[in-house]
Structures are given as structure tokens and as C-alpha cells.
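Please keep the structure open while reading.

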Amino acid sequence: MNNFLDFKGKTALVTGAAGAIGKGVAEGLAQCGARVFITDLKKEGVDAAMGELTAAGHDVAGLEADVTCEAQVKAVVDAAAAHFDNRIDILVNVAGIAGQNPVEAITEKEWDFIFAVNCKGTFFFVKHVVPLMKARKYGKIVNFSSQSGKNGSALLSHYSAAKGAVITFTQALAFEFAKDNIQVNCVCPGVTDNTGVWTFMSANYINNLHEAREDVVKKFAAKIPLGRLATVEDVVDTTVYLASSASDYITGQSLNISGGRLTL
């Protein structure tokens, strides 16, 4: 049997890598032999993640960037290409942001910002990385959507809409890049514990419901067939699988990581 999770000789670019999931994905790929370039908004976040990963013996470099700024995105891709001998085999677009408000309270600025980070940032990285993949007739792109992008969630209309756009963007790219041997998929995590998004969301639920955090977690877990929230490891393992040769015949898919829950 082939060692599908052997990434030796492969290079990867991971966005949102200062966060729990992004850093976990970078580490998961590196543990399997990949050379990894990471990026996030703030230099201190990138430096901290690089410090942890290099201390573990991984081949990691990085650069900070605002994913909503095309010039900064291009600078990251150029730096990664230079570091990796002009090749990027794997792109994982983890960078994203959530918001929570009744639709009538969402401002135009908030709506635009949610779309800029979740959609425009994903678009910019694909736009600038894919020429390197086409040149080698090989690539794996994993975008991050959400269960909210499939079913929608109350008070998350702007976030749901943006994540839904990521799903259809992924499907379009899968068709467009199939002839170049580039597979494009996205993951749709449900509620994932110990992440920035859940910390933000749960704080609002705690305030609105006037309940302790553990009681809020129990309410959400009770709706999940497997009886628990997703872990960072659950999301990382699925992402690494989609970046591997084990998924060579899978493209254009939006894979739930939700413990069996199909609605939010």
C-alpha cells in the first residue's frame, strides 16, 4: 500500500496559521514531511507559530499579510515561491473571520469586511498560487467554509453567505483546474472547540443565554449525533487527507466535519 500521507518533497502554503486550526494544519503537513510557508495578519502571530513549529524540527518559514490586500497576498506567494524553488504544491486557505448580529443591525462595513476576509482573501491566494501549480500540472487546494455555509445560521447571515460563496467558488475552480491535475475541495466544520471562532460565538451565547460556558457547550453537543463538539485535530486530519494523494479522485467537494449534524 502507498504511504498516502507522505509529503516529502512537497511544499505547502497555509493561511490563518497563527490560529489554532491553521497552525494545526501547518504542523500536520510538516509532520508528514512537507515544507511549509505560513501567513497570518500580524507579525507577532506568524513569528510565534514559526517558533513553535521550528522548535519541533519542522522546515517552516512565514510572512505576515492582510488577506484582503492583493499586493500583500502576492508578496506572500512570491516569498513562498522563492523559499520553495518556485513551487507550491498545496494551498490551504484557513484565514477567515466570523460575525454575529441580527441582519437589521449589520452595517455595510461589517458585511463587506466579512466577505473580504472569507471570500476575497481565498480568491487572492488561489489567483496567485495556481500559476505555479499549473506549471507543474499538480496541485491541492483546500478552502475553508463552514456548516453555516451550507445551511445558514441565525444571527450569522453575513458569515453564512460568505461561507456559502466559498463552496461555490470551490466547485467552479474544480471544473476549471481539472485539466491541470489540480484538485480543489473545501471543508465545512461544525462547532469546533478551542478555536477563535467558537470563543467569539460562545461568548455571545453565554451573554445572551445567561448560562455558563459548559452549559452552552452541552446545548450544542446535544444536537450532534456523535455527542461532542469537533476538535481542532478532527479538522486538521480531514484537511491533511484532502491535501494528500489519498484524495486524488476527489475534487469540487465540500466535506462536512460535523459529527453527523447537518443543520445548525
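Buried means under 20% relative accessible area. Cys188 has 0% relative accessibility, so Cys188 counts as buried. The model is a predicted one.

**Cysteines**

How many disulfides does a search of the whole structure find? The search finds zero. A disulfide is a covalent bond between the sulfur atoms of two cysteines. The cut-off here is a pair of cysteine sulfur atoms within 2.5 Å. For Cys188, the closest cysteine sulfur belongs to Cys186, at 4.4 Å, which is too far for a bond. For Cys119, the closest cysteine sulfur is also in Cys186, at 11 Å, again too far for a bond. Cys119 is buried, because its relative accessible area is 17%, and the cut-off is under 20%.

**Helix packing**

| Helix pair | Axis distance | Angle | Crossing |
|---|---|---|---|
| Helix 1 (residues 20–31) and helix 2 (residues 43–55) | within 11 Å | roughly 30° | right-handed |
| Helix 4 (residues 108–136) and helix 6 (residues 157–177) | 9 Å | about 15° | right-handed |

Take helix 1 and helix 2. Their axes cross at roughly 30°. That makes helix 1 roughly parallel to helix 2, since angles under 35 degrees count as roughly parallel. Lys23, Ala26 and Glu27 of helix 1 meet Ala49, Glu52 and Leu53 of helix 2. By class, this contact has three nonpolar, no polar and three charged residues.

Now helix 4 and helix 6. They pack at an angle of about 15°. Helix 4 is therefore roughly parallel to helix 6. Which residues of helix 4 meet helix 6? Among them are Trp111, Ile114, Phe115, Asn118, Phe123 and Val130. By class, the contact of helix 4 with helix 6 has 15 nonpolar, four polar and three charged residues.

Where does Asp85 lie? Asp85 is in the loop between helix 3 (70–83) and strand 4 (90–93). Asp85 is not a glycine, yet its phi is positive, at about 55°. Is Asp85 buried or exposed? Its relative accessibility is 58%, so Asp85 counts as exposed. Asn86 lies in the loop between helix 3 and strand 4. Phi of Asn86 is near 65°, again a positive value in a residue other than glycine.

Methods:
Residues numbered from 1 in each chain as written. Predicted model: local features only at pLDDT ≥ 70, side-chain atom pairs only at ≥ 80, totals over all residues. Heavy atoms only, no water. Axes fitted to C-alpha atoms, helices over the stretch in contact; angles between N-to-C directions. Helix = DSSP H or I, 4+ residues; strand = E, 2+ residues; numbered from the N terminus. Parallel < 35°, antiparallel > 145°, perpendicular 65-115°, else oblique. Left-handed = near helix turned anticlockwise from the far one by under 90°. Contact = heavy atoms within 4.5 Å. Nonpolar A, V, L, I, M, F, W, Y, C, P; charged D, E, K, R; others polar. Buried < 20%, exposed > 50% of the residue type's maximum accessible area, 1.4 Å probe, protein only.
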